Amino acid sequence: EVPLVESGGGLVQAGGSLRLSCAASGFTFDDYVIGWFRQAPGKEREGVSCISSSDGSTYFADSVKGRFTVSIDNAKTTVYLQMNTLKPEDTAVYYCAAGALLPRLWRSEDEYDYWGQGTQVTVSS
């Protein structure tokens, strides 16, 4: 059983929007930090955003600040990444991850316990 399932990826024109979902399977996000990462072809995976389920604090990479938002549902089973004003450079496979880590370590991939399978986001110019 895959612990995290992403959905919502697809093809969109530059300037458009997409909302990605990350659903927990078999557990809730209580006391977890949920991170979003992306990996473009030929590039290393990078942190995009995260949210702490404990206090709702959020973090964003500079490249997406002001365009992306992250939220969690009341049941703490699904996290959403709302992506607006998309650019071709946002094209990548997007992954969500969950772990019991300090929010300030959100970019450290080794700190996460669970990973999803990824969803493709393609932004055309």
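A search of the whole structure, which is a predicted model, finds seven aromatic pairs. In general, a pair of aromatic rings is described by the distance of the centres and the angle of the planes. Two of the pairs are set out below.

| Pair | Centre to centre | Angle between planes | Class |
|---|---|---|---|
| Tyr32 and Tyr114 | 6.2 Å | 45° | tilted |
| Phe37 and Trp115 | 5.1 Å | 45° | tilted |

Tyr32 is found in the loop between S3 and S4, whereas Tyr114 belongs to strand S10 (residues 114-115), so their pairing ties together parts that are 82 residues apart in sequence. Tyr32 is buried, with a relative accessible area of 17%, which falls under the cut-off of 20%. Tyr114, with 30%, is partly exposed. Ring pairs also link Tyr32 and Tyr114 with Phe27 and Phe29 into a cluster.

The pair of Phe37 and Trp115 is tilted as well, with 5.1 Å between the centres. Phe37 lies in strand S4 and Trp115 in strand S10, so this pair ties together parts that are 78 residues apart in sequence. Phe37 is buried at 0% relative accessibility, while Trp115 is partly exposed at 22%.

Charged side chains also meet aromatic rings. Arg45 lies over the face of Trp115, 4.2 Å from the ring centre. Arg45 lies over the face of Tyr95 too, and here the distance from the ring centre is 5.0 Å.

### The nonpolar cores

In soluble globular proteins, nonpolar side chains tend to be buried together. Which residues touch the most other members of the largest nonpolar core? This core has 29 residues, and the ones in question are Phe29, Trp36, Phe68, Leu81, Met83 and Tyr94. The elements that contribute two or more residues to the core are strands S3 (18-24), S4 (33-39), S5 (46-52), S7 (68-72), S8 (78-83), S9 (92-99) and S11 (119-124). A second, separate core consists of seven residues, among them Val33, Phe37, Cys50 and Tyr112.

Setting aside residues up to four places away in sequence, Leu81 touches Leu18, Arg19, Leu20, Trp36, Val48, Ser49, Phe68, Thr69, Val70 and Tyr94.

### A buried arginine

Is Arg67 buried or exposed? Arg67 counts as buried because its relative accessibility is 9%, under the cut-off of 20%. This residue is placed in the loop between strand S6 (58-60) and S7. When neighbours within four places in sequence are left aside, the contacts of Arg67 are Gln82, Met83, Asn84, Thr85, Leu86, Lys87 and Asp90.

### Positive phi angles in two loops

Most residues other than glycine have a negative phi. Asp31 has a positive value, with phi near 65°. Asp31 is located in the loop between S3 and S4, and with a relative accessible area of 60% this residue is exposed, the cut-off being over 50%.

Lys76 likewise has a positive phi, near 55°. The position of Lys76 is in the loop between S7 and S8. Its relative accessible area is 23%, so Lys76 is partly exposed.

How values were computed. Residues numbered from 1 in each chain as written. Predicted model: local features only at pLDDT ≥ 70, side-chain atom pairs only at ≥ 80, totals over all residues. Heavy atoms only, no water. Core = buried A, V, L, I, M, F, W, Y, C linked by side-chain atoms within 4.5 Å. Buried < 20%, exposed > 50% of the residue type's maximum accessible area, 1.4 Å probe, protein only. Helix = DSSP H or I, 4+ residues; strand = E, 2+ residues; numbered from the N terminus. Contact = heavy atoms within 4.5 Å. Phe/Tyr/Trp six-rings, centres within 6.5 Å; stacked < 30°, edge-to-face > 60°. Lys NZ or Arg CZ within 6 Å of the ring centre and 35° of its normal.
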